[in-house]
Amino acid sequence: MPVAIYPGSFDPLTNGHLSLIQRGLQMFDRVIVAIAVNPKKTPLFTLEERRALIRQACPDPRVEVDAFQGLLVEYAKQRQVNVLLRGLRAVSDFEYEFQLANMNRKLAPGIETVFMMTGEDYFYISSQLVREVAMFGGDVTGMVPDGVLAKLKEKFARKP
Ligand code: COD
């Protein structure tokens with residue numbers, strides 16, 4: 001039964017991530033969305049918020065939402081999964097993703113990275129830009145799931 005781990009920061013989940021998860025489910029029986037916890041970074045959304053927002057946007061029982069700390073390949077070994085799913089938006093993503101995939105393969109031969117191209121409606125969307133636009137009061141409707149949109153509005157609500 002092929003299973004893939006889709007790792008990321010998901011701070012927050014965007015419709016680009018969602019499209020990748022949905023398309024991943026056409027290739028794999030199950031997709032584990034694995035939220036990376038980096039104690040050196042302060043995310044906008046806490047781990048529990050990110051977990052709940054992904055769960056809410058992905059009710060399909062074939063999607064599992066989990067979190068990991070430390071090396072991704074160690075997590076994959078522990079879960080006994082040897083496929084990592086990653087997305088590519090533009091040429092600019094390629095260099096980073098290429099490095100990541102090769103480093104992971106060096107660290108753990110046998111763990112392969114599968115890339116999917118972004119849906120054409122989502123190529124310009126990143127969590128970082130969404131955070132920035134929302135912080136300055138811009139409208140990110142259509143770029144993120146409804147639950148994330150509501151949470152962003154709550155976080156950046158302007159105090160009178
Ligand atoms: N369309 C398609 N794909 C998209 C879109 C979009 N609009 N937006 C994002 N994606 C893809 C990204 O390209 C990426 O593949 C994935 O979705 C997740 O994106 P992010 O931004 O949420 O997550 P990243 O890229 O910050 O995640 C990096 C990791 C946390 C996976 C990485 O740093 C890691 O593995 N950390 C653990 C420590 C480790 O093992 N380090 C060594 C790695 S070699």
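Q: Where do Glu-48 and Arg-51 sit, and how many residues apart are they?
A: Both are in helix 2 (residues 47-57), and they are 3 residues apart, which is about one turn of the helix. Keep in mind that this is a predicted model.

Q: OK, and what do Glu-48 and Arg-51 form?
A: A salt bridge, where the closest N and O atoms are 3.2 Å apart.

Q: Is Glu-48 buried, exposed or partly exposed? And what about Arg-51?
A: Glu-48 is partly exposed, with 48% relative accessibility. Arg-51 is also partly exposed, and its value is 25%.

Q: How many salt bridges does the count come to?
A: The count is 13 salt bridges. As background, side chains of opposite charge can pair when their charged atoms come close.

Q: Which partner does Glu-154 have in a salt bridge?
A: Lys-151, and the closest N and O atoms of that pair are 3.4 Å apart. Glu-154 and Lys-151 are in helix 6 (residues 146-155), 3 residues apart, so about one helical turn separates them.

Q: And the accessibility there: is Glu-154 buried or exposed?
A: Glu-154 is exposed, at 54% relative accessibility. Lys-151 is partly exposed, with a relative accessible area of 23%.

Q: What links Arg-30, Glu-64, Asp-66 and Arg-79?
A: A network of salt bridges links those four residues.

Q: Let's go to Arg-131. Which side chain does it meet in a salt bridge?
A: The side chain of Asp-11, with an N to O distance of 3.6 Å. Arg-131 is in helix 5 (residues 127-135), while Asp-11 is in the loop between strand 1 (3-8) and helix 1 (15-27), so this pair ties together parts that are 120 residues apart in sequence.

Q: Is Asp-11 buried or exposed?
A: Asp-11 is buried, at 8% relative accessible area.

Q: What about phi of Phe-10, positive or negative?
A: Positive: phi of Phe-10 is near 50°, and the residue is not a glycine. Phe-10 belongs to the loop between strand 1 and helix 1, and it is buried, with a relative accessible area of 2%.

Q: What is phi of Gln-80, then?
A: It is about 55°, a positive phi in a residue that is not a glycine. Gln-80 is in the loop between helix 3 (72-79) and strand 4. Is Gln-80 buried or exposed? It counts as exposed, at 74% relative accessibility.

Q: New topic, the ligand. How many residues surround it, and which are the closest?
A: There are 23 residues around the ligand, and the closest are Tyr-6, Ser-9, Leu-72, Gly-87 and Thr-118.

Q: How far is the side chain of Tyr-6 from an oxygen atom of the ligand?
A: An N or O atom of the Tyr-6 side chain is 2.7 Å from that oxygen. For Leu-72, a backbone N or O atom is 2.8 Å from an oxygen atom of the ligand. Thr-118 has a polar side-chain atom 2.9 Å from a nitrogen atom of the ligand.

Q: How much of the ligand's accessible area does the protein cover?
A: The protein covers 83% of the 900 Å² that the ligand has on its own. The space that the ligand takes up is the largest pocket.

Q: Which elements give two or more residues to the shell around the ligand?
A: Strand 1, helix 1, strand 4 (83-88) and helix 4 (91-107).

Q: And which of them gives the most?
A: Helix 4, with 5 residues in the shell around the ligand.

Definitions and conventions: Residues are numbered from 1 along each chain as its sequence is written. This is a predicted model: local features need pLDDT of at least 70, side-chain atom pairs count only at pLDDT 80 or more; totals for chains, interfaces and linings use all residues. Side-chain values use heavy atoms; hydrogens and water are left out. Helices (H or I, at least four residues) and strands (E, at least two) are DSSP runs, numbered from the N terminus. Buried means under 20% relative accessible area, exposed over 50%, partly exposed in between (1.4 Å probe, protein chains only). A residue is near a molecule or strand if one of its heavy atoms lies within 4 Å of it. A polar contact is a pair of N or O atoms within 3.5 Å; within protein, one must be able to donate a hydrogen and the other to accept it, and residues adjacent in sequence count only if both atoms are side-chain atoms. Accessible areas come from the Shrake-Rupley method with a 1.4 Å probe; for residues, only the protein chains shown count as cover. On a 1 Å grid over the protein atoms alone, a cavity is a set of points where a 1.4 Å probe fits but cannot get out, and a pocket is an open set with protein on both sides within 12 Å along at least five of seven lines; lining residues have an atom within 4 Å of a point. A molecule sits in a cavity or pocket if more than half of its atoms lie within 2 Å of its grid points.
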